[in-house]
Amino acid sequence: MKRDVAKMYSLPLQIHYCKKCTISNQRPRITFDAEGVCSACNYAEYKRTKVDWTGRERELVELCDRHRRNDGGYDVVVPVSGGKDGGFVAHQLKYKYGMNPLTVTWAPLLPTDIGRANLHNFIQSGFDSILGTPNGKATRTLTRLAFLYLGDPFQPFIYGQTNFPLKMAVQHGIKLIMYGENGEVEYGGDMKNAFKPTREIQDHDKHYFSGLPPEFWLQHGVGAQDIAPFLPPPYEQVVKNQTEIHFLGYYKFWDPQENFYYCSENTGFVPNTERSEGTYSKYASLDDRVDGFHYYLAFIKFGIGRTTSDTAHEIRDSKITREEGMALVKRYDGEFPKKYFHEFLAYCGIDEKTYHDTIDSWRADHIWARKNDEWSLRHAIWNE
Ligand SMILES: [Zn+2]
């Protein structure tokens with residue numbers, strides 16, 4: 001089966017790369033200015049030169065003052081995985097701004113040892129935590145379906161990761177949810193929320209669920225009780241609770257590498273001993289053995305792998321140059337996630353042929369060429 005990937009994601013058929021970073025115009029929803037610079041680079045420039053960070057911190061203090069409780073009750077929900085970003089948000093809110101966070105974690109599909117250890121260390125560093133763990137059998141079925149039909153095995157995790165904090169906020173009567181970065185604006189995407197601290201609940205389906213909410217899978221024989229843990233709370237309850245979703249990245253300069261140093265010092269965070277497959281980094285997104293397949297599929301669909309995303313962000317943060325970024329992309333982007341491959345197949349209950357046929361069904365003609373039985377990118381950044 002062949003899919004019309006370009007149409008599904010509204011991809012431009014002429015590929016070009018940002019003049020400043022390594023991202024291409026194939027990232028869904030990204031935009032470019034007349035000089036060929038991407039929206040994420042322009043946003044990074046704006047953050048560095050135009051934002052009054054002292055004023056923004058004042059806004060944060062006002063927000064905290066408005067929500068802070070002194071009766072022992074929780075006053076903010078912080079979604080965490082045990083990684084450096086959620087750890088930074090929770091630790092700052094509690095120990096610098098005097099809040100009382102309830103940290104919530106949606107369980108990884110196939111947790112890694114290092115991810116588990118980091119979550120444990122984080123909780124030990126002084127936080128209350130709730131772990132949401134859905135029915136494993138139903139989750140495996142959803143993962144298989146999401147891989148086969150959506151080309152992203154990670155989708156069930158994303159449902160839970162997005163909806164569980166909202167559910168916990170409503171259940172515990174906590175009005176404020178604080179995320180770290182707004183991925184859409186930091187990595188390039190819909191910029192409508194770039195200049196405000198909040199996110200609207202209505203955007204959830206569009207940005208995070210590829211337009212397919214959990215209910216979609218009911219058509220594929222999944223039961224209502226199987227998808228229940230993945231659903232958001234009823235919208236009326238979210239409104240009644242006066243729930244507000246904010247991003248700390250609006251209030252404080254967001255720098256993933258600095259978060260890593262901060263959490264190494266404050267929340268017991270330890271990086272991996274080896275780099276993650278498909279990239280050169282050792283400290284981001286370490287918790288799930290399915291991660292690599294999510295990034296690999298993005299590489300297949302858009303020609304944008306994990307190294308492209310990582311280098312683009314580091315170029316914008318002035319950690320590396322564009323030339324260094326391009327060399328890293330050439331070396332690591334699109335590396336096959338072989339480490340957990342057989343485990344992944346067993347988890348999803350599919351064979352190797354089905355896996356490869358599915359992968360190939362997501363290769364768009366304007367991105368991929370096949371020569372001598374091998375796939376290659378038509379417009380790799382190093383051939384510019
Ligand atoms: Zn750029």
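Which residues does Lys-47 touch, not counting residues up to four places away in sequence? The Lys-47 view below has the answer; first, a few notes for reading the legends. This is a predicted model, in which local features need pLDDT of at least 70 and side-chain atom pairs count only at pLDDT 80 or more, while totals for chains, interfaces and linings use all residues. Residues are numbered from 1 along each chain as its sequence is written, and side-chain values use heavy atoms, with hydrogens and water left out.

**View 1. The whole protein chain, before zooming in.**
The protein chain has 18 helices and 8 strands; these are DSSP runs (helices: H or I, at least four residues; strands: E, at least two), numbered from the N terminus. For 384 residues, a compact globule would have a radius of gyration near 21 Å, and the 20 Å of the protein chain agrees with that. That radius is taken over C-alpha atoms, and the globule rule is 2.2 Å times the number of residues to the power 0.38. Along its principal axes, the C-alpha trace spans about 70 × 50 × 40 Å. Of the 384 residues, 56% are buried, where buried means under 20% relative accessible area, exposed means over 50%, and partly exposed is in between (1.4 Å probe, protein chains only). Among contacts (heavy atoms within 4.5 Å) with a separation of 6 or more, 75% are between residues 24 or more positions apart.

Domain 1 covers 5-48 + 279-371 and domain 2 covers 50-251, with bounds that come from an automatic or database domain assignment. Their C-alpha centres lie 23 Å apart. Domain 1 puts 39 residues into the contact, and domain 2 puts in 42 residues.

**View 2. Lys-47 and what it touches.**
Lys-47 sits in helix α2. With 2% relative accessibility, this lysine counts as buried. Leaving out residues up to four places away in sequence, Lys-47 touches Trp-53, Glu-186, Phe-253 and Trp-254.

**View 3. Helix α15, wrapped up by other helices.**
How many of the 11 residues of α15 are buried? The count is 11 of the 11, so the helix is largely enclosed by the rest of the structure. Just past the end of α15, Ser-318 takes a positive phi of about 60 degrees.

Thr-307 belongs to helix α15, which runs over residues 306-316. Its relative accessibility is 0%, so Thr-307 counts as buried. Setting aside residues up to four places away in sequence, Thr-307 touches Gly-278, Thr-279 and Tyr-280, along with Leu-328, Val-329, Tyr-332 and Asp-333.

Find Leu-148 in helix α6 (residues 136-150). Is Leu-148 buried or partly exposed? At 23% relative accessibility, Leu-148 counts as partly exposed. Thr-358 is 210 residues away from Leu-148 in sequence, yet the two are 6.4 Å apart in space, C-alpha to C-alpha. Apart from neighbours within four places in sequence, Leu-148 is in contact with Arg-3, Thr-354 and Thr-358.

**View 4. Thr-105 in strand β2.**
Strand β2 (residues 101-106) holds Thr-105, which counts as buried at 3% relative accessibility. Thr-105 and Ile-130 are 25 residues apart along the chain, and their C-alpha atoms are separated by 6.2 Å. Not counting residues up to four places away in sequence, Thr-105 touches Val-80, Ser-81, Leu-119, Ile-130, Leu-131, Gly-132 and Phe-164.

**View 5. Two loop residues with positive phi.**
Most residues other than glycine have a negative phi. Arg-29 is not a glycine, but its phi is positive, at about 75 degrees. Arg-29 lies in the loop between α1 (5-8) and α2 (39-49), and at 37% relative accessibility it counts as partly exposed. Gln-242 also has a positive phi, of about 55 degrees, although it is not a glycine. Look for Gln-242 in the loop between α11 (235-240) and β6 (244-247).
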